[in-house]
Amino acid sequence: MQDYAELFNDSYERVMQNADEFYGFFYQVFLAKDPQIKQRFAHVDLVRQISMLKNSLAYLLVCQSSEAAQRELIRLAKQHHDEYLVEVFMYDIWLDTLVEVVEEFDSKYYPEVGEAWRRTLSPAVRLMKASMQ
Ligand code: HEM
């Protein structure tokens, strides 16, 4: 049995082989999940929407290791709350969507792979949720 970090890294590499399609599909699914989420992106063009996910994955991954990145994540969470009017429940949908899209794009997906994505990203997502106000 591989450890979770390895499962995550291998899966990440596989889905990033089709990064543009992966990010594009994430947005289709994420915005369709909830009319309030769709509304938050109403005035954001597609290129910026996709850069949001690219940047956000990078932030979440770096934040595990660096205190400076954690502070940046807290700043980002406050900005999401104050400027983008993001609510706590939307983060859960964000993570659920990501795992669904990984399932779709990773040809070697099985449930532990999804669990590995959740375990890897959850601490940073929790930090953002806790720093909303
Ligand atoms: C895990 C969590 C998330 C992270 C790390 C994250 C990260 C980011 C980053 C880095 C940006 C700035 C993009 C840029 O300037 O290039 C951004 C923008 C934005 N995010 Fe998030 N995000 C997260 C979750 C969410 C959720 C749940 C929503 C819900 C609607 C959301 C809505 C937005 C919106 C509307 C923008 C503004 C886009 C723009 O005006 O360019 N984000 N996010």
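Which helices each supply at least two residues of the shell around the ligand? They are α4, α5, α6 and α7, where helices are DSSP runs of H or I with at least four residues, numbered from the N terminus. The model is a predicted one, in which local features need pLDDT of at least 70 and side-chain atom pairs count only at pLDDT 80 or more, while totals for chains, interfaces and linings use all residues. Residues are numbered from 1 along each chain as its sequence is written, and side-chain values use heavy atoms, with hydrogens and water left out.

The shell is made up of residues with a heavy atom within 4 Å of the ligand; of its 20 residues, Arg48, Ser51, Met52, Asn55 and His80 come nearest. Helix α4 gives the most to this shell, with 7 residues. By class, the shell has 14 nonpolar, 4 polar and 2 charged residues, with Ala, Val, Leu, Ile, Met, Phe, Trp, Tyr, Cys and Pro counted as nonpolar, Asp, Glu, Lys and Arg as charged, and the others, Gly among them, as polar.

A polar side-chain atom of Arg48 lies 2.5 Å from an oxygen atom of the ligand, and for Ser51 the corresponding distance from a ligand oxygen atom is 3.0 Å. In the side chain of Asn55, an N or O atom is 3.0 Å from an oxygen atom of the ligand.

The space that the ligand takes is the largest pocket, a molecule being assigned to a pocket if more than half of its atoms lie within 2 Å of the pocket's grid points. A pocket is an open set of points on a 1 Å grid over the protein atoms alone, where a 1.4 Å probe fits, with protein on both sides within 12 Å along at least five of seven lines, and its lining residues have an atom within 4 Å of a point. About 670 Å³ of space lies in this pocket, and of the 26 residues that line it, Phe41, Met52, His80, Tyr84 and Val86 are the closest to its centre. The elements that give two or more residues to the lining are α3 (35–40), α4 (46–63), α5 (67–82), α6 (88–105) and α7 (111–130). The lining has 16 nonpolar, 7 polar and 3 charged residues.

Turning to the aromatic rings, the count comes to 13 aromatic pairs, with rings of Phe, Tyr and Trp (its six-membered ring) paired if their centres lie within 6.5 Å, and planes under 30 degrees apart counted as stacked, over 60 as edge-to-face and the rest as tilted. The rings of Phe22 and Trp117 have centres 6.5 Å apart and planes at 40°, so this pair is tilted. Because Phe22 lies in helix α2 (residues 19–33) and Trp117 in helix α7, the pair ties together parts that are 95 residues apart in sequence.

Terms used:
Grid points are joined across faces, edges and corners, and a volume is the space filled by probe spheres set on the points. A polar contact is a pair of N or O atoms within 3.5 Å; within protein, one must be able to donate a hydrogen and the other to accept it, and residues adjacent in sequence count only if both atoms are side-chain atoms.
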